[in-house]
Amino acid sequence: MAKHLAQKEKPIKKPARRPLQELTIRIPDRSKAKKNKRHTRSVEDRFQSAMLNKTLDRKFTLTDLVLAGLALVLLLVSYFLPTHGLIRLLSFLVPFLLAGYSYLFEAFQEAFMGIVLGRELIITLASLMAFFGGSNFGGAAIMVFMKLCDLALSYAELLQSQKIDALYALRSDKATIISNSGEVSGKASELQEGDLIEIAAGELIPVDGVVIGGTSVLDASALTRSNSSFAVSAGSRVLSGCTNVSAPIRVKVECPQSESLISSLIRSAENAWMHKSAQQRLLQRIMSYAAAGIVAAAIVLALVFSVVTGQWRLWLLRASVLLTVSQMYAVVQTVKLAYDCAASNAAGKGLIIKGHDVLEALSRAETMVFDKTGTVTVGKYTIKGVFPRGITEDQLLFLAGAAELHSDHPIAKALVNASGAYASDVEAVDIEETPGRGVCAFIDGRSVYVGNGALMEDHGISYDTPTVPGSAIHVAIDNRYVGHIVMEDALRDGAFDAVEELRLCGVSTTVMLTGDVHSAARKVASSLNFDLVKSELTPEEKCSSVDYLMSNRNVNTTLAFVGDGICDTDALKLATVGIALGCLDRKEAIAASDVAILGEDIHNIPRACRIAKAASEAATTNMIVCGAVKVLVLLLGLFGVMGVGLAVTLQTAAVLFEVLNALRILYFEENRPKLRREKKQ
Ligand code: ADP
Ligand code: MG
């Protein structure tokens, strides 16, 4: 972490520019899909021992806080009061009961149900052993400090969950349903596909749907956490969680609320904790064995050593120290908390990170593969030149626009715009879109092909070699070539800096995979300093390349794929971490990705990496601090150097430190590193 911060403070020398290489790829067998993908992992925790996860649902309440505070004051007062004998015992029993009444009750339940390793049962035993061993302070402190740790943890959980609550606020409960009898108020959760609803200006969109009447502007900035609004009119899709800004609109419901965008975002953010990192799984495994071992040792001390030596008070006290060390719940929770805080922090910035394992994997990303169109480029093509053959320029644009009318591809949208309003007057039927190639449509009974050179070759159509640099889209009617249109897409704002920032986050290899032509790909890749580039790929070939890079990455490192969700959802699924950028209106991309970046800002990619790194570092620090304190207390306690009071105080201090360390990630506002710019030739 220190290194990370130091890097941010001083201007950083830009890494030496490496020559751009062509990526030569052996096409591997797709069946050897990556093994560690989230789709194969189980959400079940194999180590849900009663000691580690039992009180996950314990909530923070003001009453508990007041009682614990009072108990702490009474504990300290009792410690310093010069009382003796029964009075002293009674003065410690008050804080013991105030802080521990609920634990005592649960301990009783656990004993009754035979949960031998129950957390409350063990802590109660430790406390009673301390009292019987003669340490009144130790006995009461165990309960009071355990309560304080639990409160700190549940308060931290509360703080981190508030960022997710902001998403809840975007899910509207109400809807105005248009029925035969007029407009009626209803519950958004009961809407079904095909229902008609009216959304007034200023209201949240309750479900995903299609506008059937009215025009308005929707504001999505609460979702993307950046300025984003878009106009909608009849036929436009509307997304739940956006606010209807300017005028009422009528919407036909596309899916129930539970399947709408806002619900899927809430689900992903809420369930992130279920996908534990490898670090957490290992910790739980070690901790559950260690806890059982330490409890067994404590029982031996308390039963065997005390009887054999006759010094039962001494061994009871030592056993009590061991029992406090066996409490691993807080450790597991503070590591979890670090990742929870990171996921919540990210959610507050419009980045949905779907698991703690995703954060961990992202923190180890060494190879990052980018799609081009719509990912490192804006995905808004402009026409650079129209080169008709045998027809006029307008006719060429018109044909291209008409065939592309129903495609979502950025090229299609630009062609439809360029063809003016006329294209929509034509009826194009039997439209067939080939990802990474283009479209074929029947217009007036003739087949029209619009796409790249590969599409033309697929149909045996010879085409002109473009003389103007850019992405050339060729057009043919009934296998007769009628010209091409050269288009260009601009780089995203800040793309260069974002890639440089990624290098500072440890991404040492950057790769671009694109279906676009070689010249356009090379231009983009060299202006962004990518290490490798591969062009003219079909979506399947993109997957093969990702597969190849995955299997050739360094041990202990991961590969992230960044795409926009158009023609690259398989690659998003295949990479260790699939990052979908600007995917607000693409549900498939959100579903396929591990990190869904709703806004368009490309800086969110290095930002996600920085948050992930900070989380992983905080989790590691927490594990080390806790491990060191536990070992120290165990050894000193075992040999009688440390009493139970000090033992429990030290462990509580460690837990409080760990909670604060994890909470730091919740408020972690990563400053973007200063990059020293070198003008590009
Ligand atoms: P990228 O890999 O850069 O994101 P895509 O895989 O989406 O690009 O598309 C690759 C290429 O396929 C485009 O550059 C274009 O030549 C062609 N293409 C894909 N879809 C279409 C379409 N609807 N119309 C015309 N050409 C298309
Ligand atoms: Mg793309």
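This is a predicted model: local features need pLDDT of at least 70, side-chain atom pairs count only at pLDDT 80 or more; totals for chains, interfaces and linings use all residues.
**Exercise 1.** Work out whether Phe80 is buried or exposed.

*Solution.* Start with the cut-offs: buried is under 20% relative accessible area, exposed is over 50%, and partly exposed is in between (1.4 Å probe, protein chains only). Phe80 has a relative accessible area of 65%, so it's exposed.

Residues are numbered from 1 along each chain as its sequence is written, and side-chain values use heavy atoms, with hydrogens and water left out.

**Exercise 2.** Find how the rings of Tyr79 and Phe80 pair.

*Solution.* Rings of Phe, Tyr and Trp (its six-membered ring) pair if their centres lie within 6.5 Å; planes under 30 degrees apart are stacked, over 60 edge-to-face, and the rest tilted. Here the centres are 5.0 Å apart and the planes sit at 85°, so you've got an edge-to-face pair. Now widen the view: ring pairs link Tyr79, Phe80, Phe92 and Phe137 into a cluster. Across the whole structure, a search turns up seven aromatic pairs.

**Exercise 3.** Name the ring that the charged end of Lys147 sits over.

*Solution.* The test is that NZ of Lys or CZ of Arg is within 6 Å of the ring centre and within 35 degrees of the ring normal. For Lys147, the ring belongs to Tyr103, with its centre 5.4 Å away. Arg318 does likewise over the face of Trp315, at 4.8 Å from the ring centre.

Note on methods
Chains are lettered from A and ligands numbered from 1 in the order in which they are written.
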